[in-house]
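This report describes the fold, the domain contact and the nonpolar core of one protein model. The sequence and coordinates come first.

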Amino acid sequence: MSTTSHWFLLFGLSALLGGLVGSFLNVVSHRLPAGLSIVHPPSSCPHCKHPIRPWHNVPVVGWLTLRGQCRDCSEPISVRYPIVEFATASLFALLFFHIVGGPSGIAEPSALLVFLVYSFYFSALLAIGLIDADHFIVPDVISLPLVPLGITAVALLETAGLSRLSGVTLPSAVLGALAGGGVMVALAAFGRLLFGREALGMGDVKLVAAIGAWQGAHPALLLTVFLGSLLGSVVGISSMLIRGRQRYAKLPFGPYLCAGALVAWLWGDALLARIASGLL
Ligand SMILES: [Zn+2]
């Protein structure tokens with residue numbers, strides 16, 4: 001097989017893996033907050049409890065062949081399922097492109113390892129974002145293990161000589177976790193002083209500590225918090241304008257922090273250079 005067709009195969013497999021992970025994230029974000037097992041029982045229709053046939057579980061395609069309805073009771077199946085599957089497939093494709101690169105990139109198989117490691121991390125962030133958007137909670141069971149896992153992953157990749165692919169070194173990861181948690185604790189205290197109420201939860205503190213552990217201190221943290229706040233404000237203000245939400249209506253911060261972390265990872269350096277040249 002030529003290098004190019006080999007690359008296309010790997011790229012396609014990565015996107016497919018993303019779709020399957022997205023299908024799993026649908027299960028996780030639905031069951032975890034409800035305290036249910038994420039592995040048992042297999043997926044079933046929430047209305048009639050009929051088990052989903054394996055071929056209908058194929059990411060996106062399954063939902064499309066069912067035309068968004070349960071085969072057994074015809075109740076509609078939320079369009080959110082294929083959207084999450086498609087988004088995760090796109091996320092994996094984007095990460096593959098960013099870390100492995102074009103056809104010449106697969107000459108270095110270790111890039112695939114870095115891709116898999118960081119796909120795992122961003123899948124965990126996506127699960128956190130989905131759960132926070134629905135339930136206003138950053139689940140400790142995901143965010144807390146991410147901190148030591150991130151530092152360990154960075155340390156192992158660095159030992160294997162791969163930190164130039166991840167862009168993160170061990171000192172930066174440790175500093176990132178500490179500074180990330182610290183900055184958010186300070187912001188939470190400041191918010192309490194300013195608004196006289198809880199503006200930031202401890203969940204957000206742990207989430208940013210995890211982001212720092214995986215992405216390092218600079219420029220990831222600054223950009224994550226900045227972009228997260230910016231995105232959150234834009235969405236919050238527009239939803240107030242459109243739907244007339246209460247001024248202090250509760251808004252989840254997690255999804256925006258996760259989106260900010262992804263943007264910082266993919267385009268952080270370029271973005272920072274752009275901002276700096278604009279200021280000078
Ligand atoms: Zn059904």
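The text below goes from overall fold to domains, core and individual helices.

This is a predicted model, in which local features need pLDDT of at least 70 and side-chain atom pairs count only at pLDDT 80 or more, while totals for chains, interfaces and linings use all residues. Residues are numbered from 1 along each chain as its sequence is written.

**Overall fold**

The protein has 10 helices and 0 strands, where helices (H or I, at least four residues) and strands (E, at least two) are DSSP runs numbered from the N terminus. Along the sequence the pattern reads α-α-α-α-α-α-α-α-α-α. Taken along the principal axes, the C-alpha atoms fill a box of roughly 60 × 55 × 35 Å.

Of the 280 residues, 35% are buried. A residue is buried if 20 or more other C-beta atoms lie within 10 Å of its own, exposed if 12 or fewer, and partly exposed in between, with C-beta atoms placed from the backbone. Among contacts with a separation of 6 or more, 70% join residues 24 or more positions apart; two residues are in contact if their C-beta atoms, placed from the backbone, lie within 7 Å.

**Domains**

The domain assignment gives domain 1 (1-107) and domain 2 (109-280), such bounds coming from an automatic or database assignment. The C-alpha centres of the two domains lie 24 Å apart. Their contact takes 17 residues from domain 1 and 18 residues from domain 2. On the side of domain 1 that touches domain 2, helix 1 (3-31) and helix 3 (80-99) each supply at least two residues, and helix 3 gives the most, with 9 residues. This side of domain 1 divides into 13 nonpolar, 4 polar and no charged residues. Ala, Val, Leu, Ile, Met, Phe, Trp, Tyr, Cys and Pro count as nonpolar, Asp, Glu, Lys and Arg as charged, and the others, Gly among them, as polar.

**Nonpolar core**

The largest nonpolar core has 60 residues, and Ala-213 and Ala-261 have the most contacts inside it. Such a core is a set of buried Ala, Val, Leu, Ile, Met, Phe, Trp, Tyr and Cys residues joined through C-beta atoms within 7 Å. Helix 4 (110-135) gives the largest share of this core, 13 residues. The core draws at least three residues from each of domain 1 and domain 2. Leaving aside neighbours within four places in sequence, Ala-261 is in contact with Leu-125, Ile-211, Gln-215, Ala-220 and Thr-224.

**Two helices**

The expected span in the table is 1.5 Å times one less than the number of residues.

| Helix | Length | Span, first to last C-alpha | Expected span |
|---|---|---|---|
| Helix 1 | 29 residues | 42 Å | 42 Å |
| Helix 9 | 24 residues | 33 Å | 34 Å |

The buried residues of helix 1 include Trp-7, Ser-14, Gly-18, Gly-19 and Gly-22. They pack against helix 3 and helix 4. In helix 9, Ala-220, Leu-221, Leu-223, Thr-224, Val-225, Leu-227 and Gly-228 are buried. The buried residues of helix 9 pack against helix 7, helix 8 and helix 10. Just after helix 9, Gly-244 takes a positive phi of about 60 degrees.
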